[in-house]
Amino acid sequence: MDRRGDIIRFGVDGWKARFDDGFDAENVARVADALGVVWADAAPGATIYVGFDTRHGSREFAQLVAGIVSAYGLSVKVSDAPCPTPAVAWSCACDEFAYGAVIITASELSCEYGGLLVRGSDGGPLPRAFLDEVEQAISLVPAKDSGAFEECDLVGPYLDHLATLVDRGSIAARRPRVVVDAMCGSGTAHLARLLGSLGCDVIEMHVEQREDFGGIHPDPRDPWADACEQAVVAHGADLGLLLDGDADRAAVVDEKGNLLPARVIVPMLLGNLVMSHGAHGRVVTTLTCSACINREAERLGCETTPVPVGFSRIYRETLDKDVIMGVEEYGGVCIPSHLRERDGLLVCLLAVEMLARSGKTVSQMTAELEGQIGTMSYARRDLRLDPAASQAFRNVLPGLNPGDLAGKTPVEVSHADGLRAQFDDDSWVLIRPSRTSSVVRVYAEASTAPARDALLTAACDLVKQGI
């Protein structure tokens, strides 16, 4: 959120702000009022879905939104309990009368933040033009009318559907022991319930609904994943599964307590989709994704399409029917045949299915994959600049065309999303200014950590020279 006085600005998929800096009932009501105006004008009488997570006041905010939107003559269905973002998106996508959805969540952000995400009729992100129109419709004082809405179960039918997407027989036969850590978020109890119904022996962590998330960030990466990693080893589990705060993103821990990076788990999932589910088509990745994903896609005979950072770019590609997977750099995965949105619970189910069918351990599958496509070392550094320096670098960035970085000559330099230099050994480096803050993000990947770090250092030096 960019708040100057009473101005509310949307990010890429909605509005997020700290509770002590604007995310309150008054401003939530203002945004809901604007959504009601725009939706009622575009689709009078349409159905709107509303869901919420486990954060401070989320249920109350959701009911506030539902009442205001309903007052514009729209039919509103509200989840009767905290629910995953993909459950709301799927419910919307399956309803021919639905026109959009609102989810009260700040996803993986810490407990100090609230958020209001907006989705379209197919459960996917909405175009910038729609968000701009809503911004323009936000009034200083919202209408005070409130209409009736229906509370319903958005999770049960969604979980039943997910169970049909995997090989239940193989899972039941293996009966894997699984540690589930929903990080006190909206996936709490739901993933464990589903896995238990499929025959898994489930140990669930962070089950209590705590508005402070038990002191962790609901973000499935280290250090917040430490407790799950330790629990997998302590319980002798076959794997661990983590979900972020709104369950649209997941992570996997092997039986030795190692958190699998996206460069490992995504190729594994892709292999399972192609070999076990018969999927074939394009894989869409952001420019910051690991080269390992491209290698596995090529090995499986799948074309890859790189796009600039941002899930909305992946979403637009999924509108073509040939996309079988969309991937973000930190493991957000979209399976368009199910939903044109990321779904962490489906990722977890596919990981369990993959384990059950393989007859191997996760670490054995990792070693097998790396034997086929090799391994890479991936990292990111953030350079925090003052606003003037950040703008100065943005100005010079389009003209930068380095002939050498860390002693390596690029075979391709692209300015599609910042500056990306590709080298002939699959290593690469990307310099990308943030769209919302005075930060320049530098990503690099190479066959070894020292080679990767050399590229990161060279790219950071290039930024400093540019300003």
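Entry 1, accessibility. I take buried to mean under 20% relative accessible area, and partly exposed to mean between that value and 50%. The model I consulted is a predicted one. I looked up Arg282 first: its relative accessible area is 8%, so I record Arg282 as buried.

I searched the whole structure and recorded 28 salt bridges. One of them joins Arg249 to Asp219, whose closest N and O atoms are 2.8 Å apart. I located Arg249 in the loop between β9 (239-243) and β10 (250-253), and Asp219 in the loop between β8 (201-205) and α8 (226-234). The two residues are 30 residues apart, and the pair links distant parts of the chain. I found both Arg249 and Asp219 to be buried.

I next examined Asp453 and Arg452, whose side chains meet in a salt bridge at 2.9 Å, N to O. Asp453 has a relative accessible area of 27% and is partly exposed. Arg452, at 15%, counts as buried.

I also traced a network of salt bridges that links Asp13, Arg119, Asp248, Glu328, Glu341 and Arg342.

I followed an open sheet of four strands in the order β12-β11-β13-β14, and its pairing is mixed. The edge positions are held by β12 (304-307) and β14 (333-334); each has a single partner strand, so one side of each is left without a neighbour in the sheet. I recorded the pairing of β11 with β12 as parallel, over four bridges. For Thr286, the bridge partner in β12 is Val307.

Helix α10 (residues 291-299) does so, touching β11, β12 and β13, and its direction makes about 175 degrees with that of β11. Helix α9 lies across β11, β13 (323-327) and β14, running at about 170 degrees to β13.

I looked up how α9 (residues 262-277) meets α13 (residues 362-373): their axes come within 10 Å and cross at roughly 90 degrees. The two helices are therefore roughly perpendicular to each other. On the α9 side I listed Arg263, Val264, Pro267 and Met268 as making the contact. On the α13 side I listed Val362, Met365, Thr366, Leu369, Glu370 and Ile373. By class, the residues of this contact divide into seven nonpolar, one polar and two charged.

I placed Thr47 in strand β2 (residues 47-52). Is Thr47 buried or exposed? At 7% relative accessibility, Thr47 counts as buried. Leaving aside residues up to four places away in sequence, I noted that Thr47 touches Ser75, Lys77, Asp95, Phe97, Ala98, Tyr99 and Gly100.

Conventions. Residues numbered from 1 in each chain as written. Predicted model: local features only at pLDDT ≥ 70, side-chain atom pairs only at ≥ 80, totals over all residues. Heavy atoms only, no water. Axes fitted to C-alpha atoms, helices over the stretch in contact; angles between N-to-C directions. Parallel < 35°, antiparallel > 145°, perpendicular 65-115°, else oblique. Contact = heavy atoms within 4.5 Å. Nonpolar A, V, L, I, M, F, W, Y, C, P; charged D, E, K, R; others polar. Salt bridge = Lys/Arg side-chain N within 4 Å of Asp/Glu carboxyl O. Buried < 20%, exposed > 50% of the residue type's maximum accessible area, 1.4 Å probe, protein only. Pairing = 2+ DSSP bridges.
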